[in-house]
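Reader: I am new to this structure. Can you take me through the terms as we look?

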Amino acid sequence: MIAILPTLAEPQSFSLPEKLLFAVLALASLYSFWNRFGKILNKILHSKKDAGFHLFPIGTRIWDFFWEVLCQAKVVRERPLPGLAHAFVFWAFCAFALVTLNHCAVAFGIGFLNPEGQFGRLYFYLAAAFAFACAAGILGLFIRRFLVRPQWLGEQLSYQSGVIALLIFVLMATYMAALFVTDNASVRILWWVHTLTLLTFLPLIPHSKHLHLVLSPATVFLSRGGFAQIPPLADDEDFGLVAGTDLTQLVSLQAYACVECGRCTEHCPAADTGKLLNPKEIILGVRAYLNNVGPASDQPLLGEYNSQEAVFQCTTCGACEFQCPVGIEHVPILVGLRRGAVNTGAWEDEQGAKLFLALERGSNALGISPAERDKFIEKQALPIFDGTQEYCLWLGCMGGYDPKGREIVAAFARVMNFLGTSYGVMRKEKCTGDPVRRLGNDLLFQQLAEANLEALAQNKVKKIVTICPHCVRTIQEDWKQYGTPPAVEHHSEFIARFAYKLPTQSTGESIVFHDPCYLGRYRNVYEEPRTVAALAGNLVEAPRNKERSFCCGAGGGLAFLGEEKGERVSHNRAAELVATGAQTIAAACPFCNTMFRDALAATGDSAPQLLDISQLVARGLPR
Amino acid sequence: MKIIVAIKQVPERDAQVRIAADGKWIEEADLQYALNESDAYALEEALQLREKSAAPDGEVIVISAGPERVGQTIREALAKGADRAIHVACDDLGSRDALGVARLLAAAIRPENPDLVLTGLQSEDFGLGQTGVILAELLGLPHASLILHVEAVAASGAQNQIPAQLKVKRELEEGWFQTIELPTPAVLTIQSGGNKLRYATLMGIKRAKTKEVRKLAAADISADSTPVVVMDRLTLPQKQKSTQMLGGTPKEAAAALVEKLKFEVRVL
């Protein structure tokens with residue numbers, strides 16, 4: 001059947017001046033591309049080596065590359081319509097690799113795809129199908145950018161994007177037209193228009209955000225591995241991202257790979273509540289620094305190109321990093337900039353210094369005497385861990401000292417007592433170091449991690465269970481730099497495992513579950529807390545849920561810093577949860593809990609009740 | 001300006017203190033130690049004076065007496081910004097009274113000829129509040145206690161640019177303050193809370209490794225090293241709850257409360 005369709009028309013021969021003209025233009029285009037791209041590559045390669053980077057296990061890298069780059073899974077999943085349009089453009093580019101090579105080879109009479117042959121015919125038609133999809137896709141994207149204009153693309157119209165869209169459209173149109181023309185003059189004109197478009201497009205790539213065509217596959221493949229992974233410091237002179245000389249190859253690569261789509265900004269709790277921080281601008285700030293100052297400079301990274309104030313507004317919720325389609329790891333960069341400021345003493349903040357001093361001299365982030373923790377343990381008759389029990393119940397600062405956190409611990413203890421779990425709490429416990437880790441205080445974090453690791457080893461703790469997702473993350477991932485932490489899990493995972501043994505409450509109560517960032521995006525635990533909450537009523541979902549859950553505003557040490565600028569993140573999220581109409585808000589993190597407690601108090605008397613998932617379960621237990 | 005800050009290592013505020021088996025000292029084995037709080041403020045005051053001073057030759061030297069473990073606290077002080085340190089090594093701090101410790105410190109400080117000596121107001125462990133004042137007497141220097149703020153002012157009528165006089169803010173009772181001027185050299189004991197303390201940084205700790213810590217043996221610098229205090233017995237404070245419930249109508253209870261506050265507690 002394919003034989004009766006028209007064949008792709010190519011000029012049969014080229015005159016010498018034509019060949020020379022094409023050769024000169026092609027060389028000029030390649031030179032113009034390399035002239036810029038070579039410089040960028042140089043800056044990336046002359047950045048510092050990444051400490052703690054391993055190419056292995058390579059399997060996950062190959063999978064990520066296949067799934068995120070080749071299948072465009074993330075691009076499509078997070079923004080289906082424009083994502084699909086983009087995917088068609090991308091797949092067309094892949095299909096066109098062979099077509100374009102052949103197109104250029106034709107000029108010198110060495111075309112290798114025969115339009116009359118079986119394979120050539122098939123391939124050209126396959127490419128034509130992609131060309132059609134691509135042309136439709138780029139037209140859709142053009143309409144979105146210039147007519148629909150979503151706010152996160154920025155207020156300023158990018159005319160560059162318009163030019164690129166036009167070039168892509170012309171490329172596809174001239175290709176498809178070549179299937180329908182037969183006269184020699186038109187064929188020749190189409191070939192030259194296609195060629196000139198191609199040669200104009202190439203140098204535009206490294207001069208614009210379309211550099212992501214080249215760099216983002218590398219960025220996705222060369223991720224740090226794991227989500228929001230904070231890398232180790234390289235040596236005694238490494239204090240984090242202080243100046244250009246501290247920029248690592250991955251940071252520089254990622255800065256140049258940014259496609260400026262604004263997904264990070266769209267999902268950022270700071271940017272969404274009128275704060276200075278805009279994760280996209282942070283990455284572009286690093287890029288501007290690299291362009292204008294370079295990776296060999298001692299000029300501070302914070303100052304002219306990025307603001308210290310913005311960097312310390314990050315809650316480390318990781319929504320930006322989770323959303324990024326080109327594999328930029330925002331959290332390590334933001335925390336890296338904080339490390340640079342805190343490890344050198346450049347960050348001066350009254351509340352921040354108070355937190356650091358409380359943990360330098362004491363044991364918990366709240367700055368309360370441990371005698372209060374002892375009293376709580378005694379009052380609740382919590383067993384002391386003596387090495388014979390299966391679990392160490394880690395209280396954390398919130399569980400040990402915060403009134404609401406203590407209620408959560410008490411409820412979870414009731415659940416464990418009901419299940420007959422053998423557990424105990426440590427006599428002495430220090431803060432895991434989560435807030436200081438995220439604020440960039442490596443000295444204090446190391447002291448806390450080492451002291452805790454030593455105490456846990458002395459007590460022969462094998463398994464930890466805790467009510468705080470921040471403790472879970474810090475113990476499991478961040479402590480690794482200083483030793484081997486015991487196995488740790490969140491109480492939602494523990495309770496979900498024994499859900500079949502727990503009573504179901506047929507209350508008909510509607511419950512909305514708020515995904516904590518450090519349980520969801522950081523740990524990929526979404527179903528367990530829902531299983532637990534479902535024991536107590538009927539679940540409803542907030543508009544932003546699971547991977548897209550919106551932060552409560554407490555993470556990244558911000559719970560301990562001063563008043564927020566703009567709208568409070570917690571109020572924004574609490575309003576969304578209240579709007580679901582649910583009778584109960586279920587939380588699974590003591591920080592979320594305390595943030596929402598305050599936010600709900602501000603919404604008046606009609607606020608739904610706020611309970612931790614363990615409290616929901618404990619409610620149904622026999623007295 | 002050359003400033004010496006005398007600091008003391010004390011058990012961490014959160015520490016659970018236990019009495020040693022012989023009943024004469026505390027169990028030191030599993031105690032965590034930290035810098036005495038008002039000494040931290042003395043150090044902060046010294047660092048700020050150095051930073052504010054126009055003279056480039058400002059120096060902050062910390063001095064501490066005590067056993068080997070004191071080295072840790074000295075390192076922390078160097079990490080926060082002190083330029084060098086003197087460690088007066090002695091294992092018998094408990095059997096020296098305030099005079100004994102002041103003698104050790106004075107002997108170590110004298111050769112340095114400092115412009116200013118700062119100490120914390122009192123230690124968190126014994127709380128005697130004497131060492132700094134006795135130190136001033138031994139050094140033959142003027143002193144002021146309970147200082148919240150120190151300012152270097154140019155000596156009136158003097159030719160040189162180096163500030164030779166101090167303006168200090170003292171805390172008095174009931175929210176009153178006193179501002180006085182002193183000549184240098186002088187000894188000041190610093191009250192907690194006058195400044196915001198800086199936090200320790202990774203860079204500070206790394207830089208501290210290369211700073212000088214001079215060790216002096218107690219026996220070498222002070223002829224009089226015989227212990228003058230003998231510890232007889234240590235006990236923990238007895239906890240006792242003596243809550244009284246005042247019954248009756250609110251009116252009667254209030255009357256009973258006023259009665260007790262007036263005649264038993266005598267605060268009204």
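Reader: Which residues touch the most other members of the largest nonpolar core?
Author: This is a predicted model. The largest nonpolar core has 206 residues. Ala586(A), Phe596(A), Val5(B), Leu43(B), Val62(B), Ile63(B) and Leu105(B) touch the most other members.

Reader: What makes residues part of a nonpolar core?
Author: Members are buried and joined through C-beta atoms within 7 Å.

Reader: Which residues does Leu43(B) touch?
Author: Residues up to four places away in sequence are not counted. Leu43(B) then touches Val5(B), Ile7(B), Val62(B), Ala77(B), Lys80(B) and Ala82(B). Val5(B) and Val62(B) are also on the list of residues that touch the most other core members.
Author: There is also a second, separate core of 28 residues. Leu8(A), Phe124(A), Ala165(A) and Trp191(A) are among them.

Reader: Why is Lys546(A) called partly exposed?
Author: Count the other C-beta atoms within 10 Å: Lys546(A) has 15. Buried needs 20 or more, and exposed needs 12 or fewer. The count of 15 falls in between, so Lys546(A) is partly exposed.

Reader: Where is Lys546(A), and which residues is Lys546(A) in contact with?
Author: Lys546(A) sits in the loop between β6 (538-540) and α25 (569-579) of chain A. Leaving aside neighbours within four places in sequence, its contacts are Asp515(A), Gly520(A) and Tyr526(A). Gly520(A) is 26 residues apart from Lys546(A) along the chain, yet their C-alpha atoms are separated by 6.4 Å.

Reader: How do you know that β5 and β6 of chain A pair?
Author: Pairing takes at least two bridges. Strand β5 (residues 510-513) and β6 of chain A have 3 bridges, so they count as paired, in the parallel sense. In one of the bridges, Ile511(A) has Leu539(A) in β6(A) as its partner.

Reader: How many residues are in contact between the two chains?
Author: 15 residues of chain B are in contact with 18 residues of chain A. On the chain B side, helix α5 (residues 202-208) gives the largest share, 5 residues. That side divides into 7 nonpolar, 2 polar and 6 charged residues.

Reader: Which domains does chain B have, and how many Å apart are their centres?
Author: The domain assignment gives domain 1 (2-221) and domain 2 (243-268). The C-alpha centres of these domains of chain B lie 46 Å apart.

Definitions and conventions. Residues numbered from 1 in each chain as written. Chains lettered and ligands numbered in written order. Predicted model: local features only at pLDDT ≥ 70, side-chain atom pairs only at ≥ 80, totals over all residues. Contact = placed C-beta atoms within 7 Å. Helix = DSSP H or I, 4+ residues; strand = E, 2+ residues; numbered from the N terminus. Nonpolar A, V, L, I, M, F, W, Y, C, P; charged D, E, K, R; others polar. Domains from an automatic or database assignment.
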